[in-house]
Amino acid sequence: MNELKLPQIDYSALAPMLILFGAACLGVLVEAFVPRRRRHVVQLLLGLAALVASLVMVVLHADDRLLTAGQAVAIDGPTLFLQGGILVLAIVALLLIGERSVERGGAFVAHAAVVAGSTEDRAQAERQGGATEVYPLTMFAVAGMLLFVAANDLLTMFIALEVFSLPLYLLCALARRRRLLSQEAALKYFMLGAYASAFFLFGVALIYGFTVNVNAGSGGVEFATIHAAVVQNSATSPVLLYAGIAMLSIGLLFKAAAAPFHVWTPDVYQGAPTPITGFMAACTKVAAFGGLLRVLYVAISGAAWDFTPVLGGVAVLTMLVGAVLAVTQTDIKRLLAYSSVANAGYLLVGVLALNKDGLSSTMFYLVSYGFTVIAAFAVVTLVRDADGEATHLSRWAGLGRRSPLYAGLFTFILLAFAGIPLTSGFTSKFAVFGAALDGGQSWLVIAGVVTSMILAFPYLRVVVMMWLSEPGDSTPAVTVPGGLTAAALMIGVVATLVLGVAPAPLLDLANGAAEFVR
């Protein structure tokens, strides 16, 4: 009788994820046992402490290169770099989520079960504190993201995908104002996300079928097994491999907001509470591309000749859709959503370089873009009128005359998005385009440069409106930020400037981390 052998588990290497899962569970208990008036402070401090502790553990394990938990989790350079990036960005985003002084009660509804538009809903919007359930939900989401970028087989990746997706669906529905728009956004995100998850899982089944005859074994969904099946030309029909890759890509590209799987992005960005929009724009994109990098570089690198043209076409389409549709937007959050779509295309250019420079430049781009986009949404939370955030672009006309400081900061952020030198946007695009040229993908670089010029127009249009238009009666005031929002905004702006002026330390760190373990 065969003896059951339990897998070896390095709990120290898994500590960043375990800390956050533990903090999330503890946050649920806080909701049950701590008085309502104290929950916000307790939950915020618990969340920040857990994120900092996880980041410390990532730093302490910076030199680890190992497989653990039955080879289901890989702790290597890209894992640790991306986990560190997610944690730092999550700390900044949590400052926005925790803000309660810009609007009474914060950006979140007090009681999600209250009927939208009812008398009770209007009363809670004016007087009651926001729901504190957002903190454990955020911790679960971040923990899932950390596992997602570390997953070394497709089933673990799928579980991690669901762990960080389900809290996001709920968080999108918790806006204090415009609740019907928020609930509609959450429902769209949930329905389309469910389809994407189904495609991903079907792709897992097909790839498992492709690996059945490898090394006279029973197949598997471990990345090493998939790689061996691709390299050894498995006797199974390659149709299973190509169909599996296509379906996996749908699931991953949906989370990355790449065209044509981006249709949820503008509605969700517009309807979700703005701090959650910033959190998703930064952290979810890092997680999605982290998973995509591991699948392409570790599992199916042997099929690069087959998937590169198709994903290259997706990259070009993504850049074009994001750039062209951004020009037509009249809402600042929808404009930033299409900007996010276009940036997903630029990231795909770096991914498809399929070399070490492509890997390191993509990781650098993810972190630098995350800081910039959180800063952008921090400014959006401050431009307000009596009904809440004023997101229609016509309302931003003359804002430079009303509040030159914040209009200047937003101008700098938009110039970074446009890729102007001395900003992180320029160094990021330069890095991924240079890696793509070295990888022989000059056609993608040409598409990237052309769409970057198109995308500069909507950014500059907002700048012109803020500075060269006269403020009207409908021009809102800029609310004085609380300490948490001010800290998040300053961190994002300073990081955008520093990574544009002196990017070498982070680039060197990314380059040193750009090596997967199998």
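**Figure 1. Residue classes in the lining of the largest pocket of the predicted model.** The lining of this pocket comprises 13 nonpolar residues, together with four polar residues and one charged residue.

Figure 2. Helix H3 provides the largest share of the lining, namely seven residues.

**Figure 3. The second largest pocket and its lining residues.** This pocket holds about 190 Å³ of space. The residues that line the second largest pocket are Tyr242, Ile245, Ala246, Ser249, Ile250, Leu253, Phe261, Asp306, Phe307, Val310, Leu311 and Val314. Sorted by class, 10 residues of this lining are nonpolar, one is polar and one is charged. Helix H9 (238-256) and helix H12 (304-327) each contribute at least two residues to the lining of the second largest pocket. Helix H9 gives the most, with six residues.

**Figure 4. The largest cavity in the predicted model.** The model contains three cavities of 30 Å³ or more. The largest cavity has about 330 Å³ of space. Its lining is formed by 26 residues, and Glu103, Ala107, Thr274, Arg384 and Glu389 lie nearest the centre of the cavity. By class, the lining of the largest cavity has nine nonpolar, eight polar and nine charged residues. Helix H3, helix H10 (264-271), helix H11 (274-299) and strand S4 (388-389) are each the source of at least two residues in this lining.

**Figure 5. The second largest cavity and its surroundings.** About 70 Å³ of space is found in the second largest cavity. Around this cavity are Asn343, Tyr365, Ser368, Tyr369, Thr372, Ala416, Phe417, Ser424, Gly425, Ser428 and Lys429, which form its lining. Six of these lining residues are polar, four are nonpolar and one is charged. Helix H14, helix H16 (404-418) and helix H17 (424-438) each provide at least two residues of the lining of the second largest cavity.

Conventions
Residues are numbered from 1 along each chain as its sequence is written. This is a predicted model: local features need pLDDT of at least 70, side-chain atom pairs count only at pLDDT 80 or more; totals for chains, interfaces and linings use all residues. Side-chain values use heavy atoms; hydrogens and water are left out. Helices (H or I, at least four residues) and strands (E, at least two) are DSSP runs, numbered from the N terminus. Ala, Val, Leu, Ile, Met, Phe, Trp, Tyr, Cys and Pro count as nonpolar, Asp, Glu, Lys and Arg as charged, and the others, Gly among them, as polar. On a 1 Å grid over the protein atoms alone, a cavity is a set of points where a 1.4 Å probe fits but cannot get out, and a pocket is an open set with protein on both sides within 12 Å along at least five of seven lines; lining residues have an atom within 4 Å of a point. Grid points are joined across faces, edges and corners, and a volume is the space filled by probe spheres set on the points.
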